[in-house]
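Keep the model open beside you as you read.

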Amino acid sequence: MERRFPVGWAIFALVVVTAIPAWFFYSGGEIARWTAVRHMAVSPSRIDLRLTIRYDRPPIYVEQYILSDINGISTSSYRIRAYSGKQITVKALPDRVYAVSFFFGKLEQDGIWKLMNRAPRPHAVAHYTLFVKQIVQYQSGQRTVTFTSPHYWATIASHKYEINLNKGVPNANQFVFLKSRALADKRYEEIVTAFRHFGSPAFRRKVAAARAEILRDSAHKGAKHG
C-alpha cells in the first residue's frame, strides 16, 4: 500500500517555523514599549510640600501647611500652635484625588524651583520656610527656601545698582553710569497666598476655625493674666 506524505503536517510545521521568528521580530518593539510603560506605572511618584510660618511675637508661634501626593493619593494637614502651648491640627482624609498634584503644577508655573533665599527684612514679624520635594520615575529633586516679608518683595520695587566707569569718556570720574536691576518678586506672596487658599471649602473653614480658636484662647488668657 502506497504511503502518502503528510502534507498537512508539513504545512503546519512550515507555518510554525516562519511564525516564531516573525513574532519575535514584530513584537520586540511592542514588548519594549509595554515594558517601558509598565516601568513608569509601577515607579514611585511622590510630591511633598510644606510651608512653615514662625512668628516672633505672640499669640501664634507657628503655622504649618503639610501637603503630599503619594502615587496619586493626596493628603493635607494644617497645624497651628500658640505661644501658650495650645496646638490644633486639621487633617483632610487621604483620597485618590489630584488636588495636591494640581496644586504643585500651579506652583511650578509660578516658579517654585527658581525661588531663592531672601535675607530677613528688618522688623519682620514672620519667617517663612518653604520645602518642596518631588520623586518621579526614580528621579528626585528637593528645595528649601527661607524668606520674610513676602508682601514687601511683591510690591516694593527695590533695585540693586552696579557701577560702571566708562574709561573711554574723558573725566571718567564725572561719568558714573548706574545700571539697575529690579529685585521685586511677586512669586513669594503668590505662593504663600496659594497655601492659604489650598483645599476644599470644608478644609479651609476648619483651618479658619482653628486659627480663630487659637487667637480667642490667647486673648482670653492674656486678659486673665492682665
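Contact here means heavy atoms within 4.5 Å, and helices (H or I, at least four residues) and strands (E, at least two) are DSSP runs, numbered from the N terminus. What you are looking at is a predicted model, in which local features need pLDDT of at least 70 and side-chain atom pairs count only at pLDDT 80 or more, while totals for chains, interfaces and linings use all residues. Residues are numbered from 1 along each chain as its sequence is written, and side-chain values use heavy atoms, with hydrogens and water left out.

Start at helix 4, residues 187-196. Its buried residues (buried means under 20% relative accessible area, exposed over 50%, partly exposed in between, with a 1.4 Å probe and protein chains only) are Y188, I191, V192, A194 and F195. These residues lie on the same side of helix 4 because they cover an arc of only 155° around the axis, the arc being that of the directions from the helix axis to the C-beta atoms. An α-helix has 3.6 residues a turn, so residues three or four places apart point the same way. The buried residues of helix 4 pack against strand 1 (45-55), strand 2 (60-70), helix 2 (99-109), strand 5 (126-136), strand 6 (139-148) and helix 3 (150-155).

Next, look in strand 6, where you will find T148. T148 is buried, at 2% relative accessible area. Its contacts, leaving aside residues up to four places away in sequence, include P120, R121, Y128 and W153. A polar atom of the T148 side chain lies 2.9 Å from the backbone nitrogen of R121.

Now for the charged pairs. The whole structure holds seven salt bridges (a side-chain nitrogen of Lys or Arg within 4 Å of a carboxyl oxygen of Asp or Glu). One of them joins E63 and R196, with the closest N and O atoms 3.0 Å apart. E63 is in strand 2 and R196 in helix 4, so this pair ties together parts 133 residues apart in sequence. E63 is buried, with a relative accessible area of 0%, whereas R196 is partly exposed at 28%. E63, R196 and R211 are linked in a network of salt bridges.

Another salt bridge pairs E213 with K86, the closest N and O atoms being 2.8 Å apart. E213 sits in helix 5 (residues 201-225) and K86 in the loop between strand 3 (73-82) and strand 4 (87-95), 127 residues apart.

Notes
Polar contact = N/O pair within 3.5 Å; in protein donor to acceptor, adjacent residues only side chain to side chain.
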